[in-house]
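Reader: Please take me through the strand pairing, the helix packing and the ligand surroundings of this entry, one question at a time.

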Amino acid sequence: MTAISIRNLSKSFGKKRALDNVSLDIQRGEMVALIGASGSGKSTLIRHICGLEIGQAGQSTVEVLGSSIQHGGRLATKARDMRRNIGVVFQQFNLVGRLSVLSNVLLGNLGRIPVWRGTLGWFTAEEKKAARAALARVGIPEVAWQRASTLSGGQQQRAAIARTLVQRSNILLADEPIASLDPSSARRIMEILAAVNREENITCVVSLHQVEYARRYCPRTVALRDGRIVFDGPSSELTNPMLVELYGANSEELILPEALPQPAKPKRVAEPERVPAFA
Ligand SMILES: Nc1ncnc2c1ncn2[C@@H]1O[C@H](COP(=O)(O)OP(=O)(O)OP(=O)(O)O)[C@@H](O)[C@H]1O
């Protein structure tokens, strides 16, 4: 079943064409990386999928799980309901800093419970249990009662992912979720997203700056340049020379060879010293 189907989507901000006739299908259960240099349209595309941004009038359509969330530059009347099924994680974590981590995770229930309960912060024992389980799922059960503002960046991002688990969404859109994290926290977040995708069968679309993460964690990559799709295929096929061809000098911001540790080389037994070829 198709999870996300986009046809002829264009968007301009003033004279800037942020999306240029984008068409794309993502099947349920896929884990897809969106790659592109700064300003290539990744965030704009993600915001259109969840109906936070509306495309230009015309033939454009964005369907999520078989229902149109926007069509011809108009948001569907049921878009708000559909958003319950779409978890979104941003680079800036978007937690309420003065609330406890558990309270933040519980906010994932807001789309499904009566407004008065959300306003009063009245959650059932079952909902609290599910929120604690979600925190355990992302590996930070011990911080449940801490103020969200006291967490490290990596922990905040984990809490944001836990909130989408509580939301029970079938689709998770992550907009540069690792952009402000150190390499080890970034790897952990990508591992969690990959596990959620694999084990919960949640369709994941992750926008990334560095192609190494796409190659390691996402079987498929969609690469954008100036709002257009310039590559869509297996991440392993998006080689560094191809990135240079696609992005020219801008490819440097997508290739970070030192970002990920190389697999340890097997130890060699002592050998007689060799004279290097270039000596
Ligand atoms: N609300 C807006 N108003 C004006 N211009 C915008 C707006 N949102 C995006 N743009 C422009 O549209 C283009 C695409 O932006 P977008 O944020 O989607 O790129 P991106 O690939 O996510 O970049 P980055 O990796 O730097 O986040 C950019 O030129 C940006 O300046």
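Reader: Which residue in the turn of the hairpin that S10 and S11 form has a positive phi?

Author: The model is a predicted one. In it, six bridges join S10 (residues 220-225) to S11 (residues 228-234), and the two strands run antiparallel. Two residues lie between S10 and S11 in this hairpin, and the one with a positive phi, of about 50 degrees, is aspartate 226.

Reader: In S11, what is the bridge partner of valine 222?

Author: S10 also pairs with S3 (residues 31-35), in the parallel sense and over four bridges. Within that pairing, valine 222 of S10 is the bridge partner of leucine 34. Towards S11, the bridge partner of valine 222 is aspartate 232.

Reader: Which strands are the edge strands of the open sheet of five strands?

Author: The strands of this open sheet follow the order S2-S1-S4-S5-S6, with antiparallel pairing. An edge strand pairs on one side only, and this applies to S2 and S6 (74-75). The edge strands are therefore S2 and S6.

Reader: In S4, what is the bridge partner of isoleucine 6?

Author: S1 (residues 2-13) is joined to S2 in the antiparallel sense over eight bridges, and there isoleucine 4 stands opposite isoleucine 26 of S2. S1 and S4 (residues 61-64) also pair in the antiparallel sense, over four bridges. In S4, the partner of isoleucine 6 is valine 62.

Reader: Which residue in the turn of the hairpin of S4 and S5 has a positive phi?

Author: S4 and S5 (residues 67-71) are antiparallel and share four bridges, with glutamate 63 opposite serine 68 in S5. The hairpin leaves two residues between the strands, and the turn residue with a positive phi of about 50 degrees is leucine 65.

Reader: How many charged residues are in the contact of H5 with H6?

Author: The crossing of these two helices is right-handed. H5 contributes Ala130, Ala131, Ala134, Leu135 and Arg137, and H6 contributes Ala162, Leu165 and Val166. By class, the contact of H5 with H6 has seven nonpolar residues, no polar ones, and, as for charged residues, one.

Reader: Is H6 roughly parallel or roughly perpendicular to H7?

Author: H6 and H7 (residues 183-200) pack with their axes 9 Å apart, at an angle of about 15 degrees. Because angles under 35 degrees count as roughly parallel, H6 is, relative to H7, roughly parallel.

Reader: How many polar residues are in the contact of H6 with H7?

Author: H6 passes H7 in a right-handed crossing. On the H6 side are Gly153, Gly154, Gln157, Arg158 and Ile161, which meet Ser185, Arg188, Ile189 and Ile192 in H7. The contact of H6 with H7 has three nonpolar and two charged residues, and its polar residues number four.

Reader: From which element comes the largest share of the shell around the ligand?

Author: The residues around the ligand include Phe13, Lys16, Ala18, Lys42, Ser43 and Thr44. By class, the shell divides into two nonpolar, seven polar and two charged residues. S2 (16-27) and H1 (42-49) are the elements that give two or more residues to the shell. The largest share, three residues, comes from H1.

Note on methods: Residues are numbered from 1 along each chain as its sequence is written. This is a predicted model: local features need pLDDT of at least 70, side-chain atom pairs count only at pLDDT 80 or more; totals for chains, interfaces and linings use all residues. A crossing is left-handed if the near helix is turned anticlockwise from the far one by less than a right angle, and right-handed if clockwise. Two residues are in contact if their C-beta atoms, placed from the backbone, lie within 7 Å. Ala, Val, Leu, Ile, Met, Phe, Trp, Tyr, Cys and Pro count as nonpolar, Asp, Glu, Lys and Arg as charged, and the others, Gly among them, as polar. A residue is near a molecule or strand if its C-beta atom, placed from the backbone, lies within 6 Å of it. Axes are lines fitted to C-alpha atoms, for helices over the stretch in contact, and angles run from 0 to 180 degrees between N-to-C directions. Angles under 35 degrees count as roughly parallel, over 145 as roughly antiparallel, 65 to 115 as roughly perpendicular and the rest as oblique.
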